[in-house]
Amino acid sequence: MPEMASAQALDTFPRLLMDHAQVRGDKPAMREKDLGIWQCWTWHEVAEEVRALACGLAEMGFKRGDNLAIVGENRPRMYMMMTAAQCLGGVPLPLYQDAVANEMLFVLLDAEVRFIFVEDQEQVDKVLEIQTQLPQLEHLLYDDPRGMRHYTLPFIHDIRELMAMGRIHNRNHPDLLTREVAVGASDDVSVMLYTSGTTGKPKGVRLTHHAFISAARGGADFDQLTADEDILSYLPMAWVGDHLFSFAQAMVTGFTINCPESAETVMTDLREIGPTYYFAPPRVFENLLTQVMIRMEDASLVKQKMFHLFMAVARRSGAEILDGQPVSAVDRLLYALGNVFVFGPLKNVLGMSRIRVAYTAGAAIGPDLFRFYRSIGINLKQLYGQTETCAYVCLQPDGQIKFDSVGKPAPGVEVKIADNGEILVRGPMLLKEYYKRPDATAEAINADGYFMTGDAGIFDDDGHLKIIDRAKDVGKLANGAMYAPNYIENKLKFFPHIKEAVVFGDQRKMVCAFINIDIGAVGNWAERRGIAYSGYTDLAAKPEVYGLIQECIEQVNGELLGEGALADSQIHRFLILHKELDPDDDELTRTRKVRRGFVAEKYAVLIDALYSGRNSQFIETVVKFEDGRQGKVAADLVIRDLKTFAIAGRAA
Amino acid sequence: MSRQIGEVILDLKNVSLAFGGVKALTDISFDVREHEIRAIIGPNGAGKSSMLNVINGVYRPQQGEIILRGQHFSKMNPFKAAKAGISRTFQNIALFKGMNVIDNLMTGRNLKIRSNLIQQAFWWGPARREELAHRAKVEQVIDFLEIQHIRKTPVGRLPYGLQKRVDLGRALAMEPSILLLDEPMAGMNVEEKQDMCRFILDVNDQFGTTIVLIEHDMAVVMDISDRVVVLDYGRKIGDGDPDEVRASPEVISAYLGASH
């Protein structure tokens with residue numbers, strides 16, 4: 001390939017962009033749906049817009065080393081702004097767009113942000129809400145002019161003004177940008193991503209061009225990604241996964257990123273684009289499957305029969321066919337028929353007809369869920385990584401897929417397991433440092449240069465890494481048996497009716513659980529049975545719903561019995577929470593992971609009730625609504641005992 | 001504010017309307033100025049919807065006249081009203097339930113379509129170009145109201161709050177100069193109401209559309225309207241800016257019941 005010759009010099013993102021603009025200037029780099037029509041930017045156009053943005057920033061006084069906060073949904077100009085900041089030696093700092101103003105405040109202060117680029121009026125309002133507490137803030141730029149007519153504050157600018165200014169600046173100083181890009185070095189920080197803060201205050205993770213380009217190139221070579229891939233960019237830009245897949249890999253390979261029209265249209269956009277390379281957290285795959293199952297229940301009898309018939313074939317041999325293993329001729333024939341009648345149309349509806357490689361990560365995926373997608377012919381694989389490692393540690397090689405592992409160490413990455421079971425990694429993709437936190441950096445990277453992931457894992461006989469839990473979460477029951485809460489919760493969450501589960505058991509004599517039902521799936525189930533309900537709290541308290549959930553948990557107990565060390569972790573008692581766990585109430589992180597400690601503290605009364613043998617417990621909880629107001633939800637929660645199975649060879 | 005309230009654009013003079021012996025409206029006069037948000041409030045049965053129906057010609061008043069941009073109409077009818085740039089939404093949503101959102105909004109463009117049935121059936125040449133232009137306008141409305149995700153959903157399958165929004169969308173697709181809204185927020189939850197308020201203010205602000213609305217939620221009315229007319233049993237008992245109306249003893253007694 002021609003660009004390989006100059007690969008030596010392509011060691012920063014701005015240089016990669018300039019190269020694409022030359023090598024494949026007319027090829028689409030970004031698309032976004034606007035007014036119902038997909039608009040396209042070629043690499044050449046992207047480079048021109050980045051130039052205008054960067055020159056505009058320079059004109060406004062943006063300097064080498066400055067942090068530039070970016071807040072908004074995935075839009076082409078947001079991605080372009082990242083490169084624009086990088087061109088000048090600045091550091092883009094994407095923030096979660098659904099964070100409330102006060103959550104943003106910490107990061108904006110910590111990073112001493114002078115420039116903020118936001119998507120729209122909503123985000124401008126958030127910044128204005130905390131503006132008095134941001135003494136360093138100098139310029140607030142926005143992308144979407146809608147509703148902005150009456151904002152006359154002098155430091156708020158339309159991005160179009162900035163670009164117009166940039167174009168003039170570029171005419172007057174034509175070499176400035178080229179010079180700035182030439183000054184950039186591959187070990188400069190290319191992006192700063194804040195960790196979601198499951199533990200303590202968020203920390204700014206500083207990653208270099210070299211780290212992200214190594215991770216992106218390693219992953220792209222591993223899966224033979226080409227410039228012809230299409231990817232849908234819909235996950236938060238502040239998340240390392242999106243930065244790797246939608247930004248770094250696109251920049252490295254030159255493929256096309258597609259931005260959805262709005263957060264609500266992602267499903268439709270997915271269908272229209274038909275990505276060839278797709279990334280989604282398990283939650284998305286789970287929601288899709290739940291929707292499919294709900295719709296199948298409503299389908300005609302013939303369709304249902306056909307679906308179940310061919311799904312049985314797929315379960316039996318679909319994954320094996322995908323992995324190229326031997327399968328009987330009859331099953332091959334049946335699978336081919338199934339592909340025509342069921343899998344093909346289903347993949348089409350899901351927008352997955354063209355997928356070559358799909359990845360999931362971020363949380364453990366239920367084996368049955370994973371198997372479902374692979375069995376209908378979608379090459380879904382798992383990977384493992386953190387913000388600190390550019391989301392790049394382990395990848396599952398094609399044809400060597402194990403449902404309970406995250407694959408082998410990725411090219412260029414060294415992985416080893418510490419004595420306490422913690423996974424340690426080393427390689428070019430490691431973070432440079434935590435921003436202004438040398439103490440945390442020293443704590444996270446040991447003397448040998450290994451990063452301590454905080455996850456507990458084991459290598460199996462084939463060299464595949466298996467993640468058990470967070471190292472600090474793995475505990476012991478009162479009788480000394482191993483207790484891995486996430487592992488149990490993930491088993492529970494695989495049921496479509498259970499949206500969230502929190503189990504307790506560390507240092508206790510038995511395991512108990514809080515359950516959040518999935519209002520969509522359970523609501524549908526209740527409708528079908530003519531059970532009337534007024535909302536989440538009411539539905540969650542129905543005895544029929546308790547019965548339904550009880551069956552699910554008892555099934556998990558049966559499974560746990562068969563898993564040796566974990567047989568003691570069978571769940572003895574449970575309750576269904578009266579409200580959904582919500583990031584707005586600090587119960588989940590923005591990436592929707594349960595904040596175990598916080599939940600345990602907030603609902604201490606309920607935990608007491610679970611362990612003291614009571615049959616019900618009254619609770620009143622303050623909840624925050626989306627508009628920031630507060631309300632109260634109160635309920636008398638029922639607690640139920642569960643059937644557990646006696647462990648063989650031990651007196652019951 | 002860049003929005004400048006202009007001259008009187010719609011003037012109602014001594015309007016009376018009766019159904020048989022029932023007097024729905026008695027001798028009502030009020031005016032609407034260009035670019036303003038004018039609210040009509042009153043208890044149930046006060047004649048609010050009748051008033052709106054008189055303005056766009058669904059009901060024909062026995063007495064009185066309507067002056068629209070200096071033009072006198074003693075006999076208004078819905079077609080004339082629409083031609084004159086008045087569009088409306090309905091208290092009980094009147095959309096085509098089996099049609100999708102785009103098609104419903106396209107019906108709002110009906111008056112502006114020039115090609116005839118046969119040309120449209122063949123969808124060729126000018127007819128096709130024209131439809132594309134109208135569709136582009138409809139897409140702008142969709143973008144404005146943030147309903148991209150339901151573009152192709154049949155309206156009957158949408159929740160009530162969204163149907164209301166589509167109803168507003170159809171009225172906007174006409175590019176009206178005067179928009180009549182009949183209880184745009186009835187039956188909505190707080191969040192939906194907030195959204196709807198924002199849309200109404202945005203329409204008024206961005207397109208300069210004059211808005212006449214009926215609403216029961218007092219907080220909303222007092223917040224967003226420039227002037228308020230109060231009706232009670234078909235009579236006008238108050239007229240003025242929100243603060244004046246709120247302070248008027250007659251209005252208080254009609255709403256809260258007088259202490260006799």
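Predicted model: local features only at pLDDT ≥ 70, side-chain atom pairs only at ≥ 80, totals over all residues.
**Entry: where the chains touch**

I began with the contact between the chains. I found 12 residues of chain B in contact with 11 residues of chain A. Next I asked which helices of chain B supply at least two residues each to the side that touches chain A. They are α5 (126–145) and α7 (190–207). The largest share of that side, 4 residues, comes from α5(B). I also sorted the side of chain B that touches chain A by class, and noted 2 nonpolar, 5 polar and 5 charged residues.

**Entry: a sheet in chain B**

Then I traced an open sheet of 6 strands in chain B, and wrote down its order as β6-β7-β8-β3-β9-β10, with mixed pairing. Which strands are at the edges? I looked, and they are β6 (86–88) and β10 (235–240) of chain B, each of which pairs on one side only. On average, neighbouring strands of this sheet are turned by 15 degrees against each other, direction ignored.

I followed one pair further. Strand β9 (residues 227–232) of chain B runs antiparallel to β10(B), and 5 bridges join the two. For B:V229, I found the bridge partner B:D239 in β10(B).

**Entry: one tyrosine in chain A**

Last, I looked up A:Y603, which lies in the loop between α21 (596–602) and α22 (604–611) of chain A. Is A:Y603 buried or exposed? It counts as buried, because it has 23 C-beta neighbours inside 10 Å, and the cut-off for buried is 20 or more. I also checked A:Y603 against A:F255: they are 348 residues apart in sequence and 47 Å apart in space, C-alpha to C-alpha.

Conventions
Residues numbered from 1 in each chain as written. Chains lettered and ligands numbered in written order. Contact = placed C-beta atoms within 7 Å. Nonpolar A, V, L, I, M, F, W, Y, C, P; charged D, E, K, R; others polar. Pairing = 2+ DSSP bridges. Axes fitted to C-alpha atoms, helices over the stretch in contact; angles between N-to-C directions. Buried ≥ 20, exposed ≤ 12 C-beta atoms within 10 Å, placed from the backbone.
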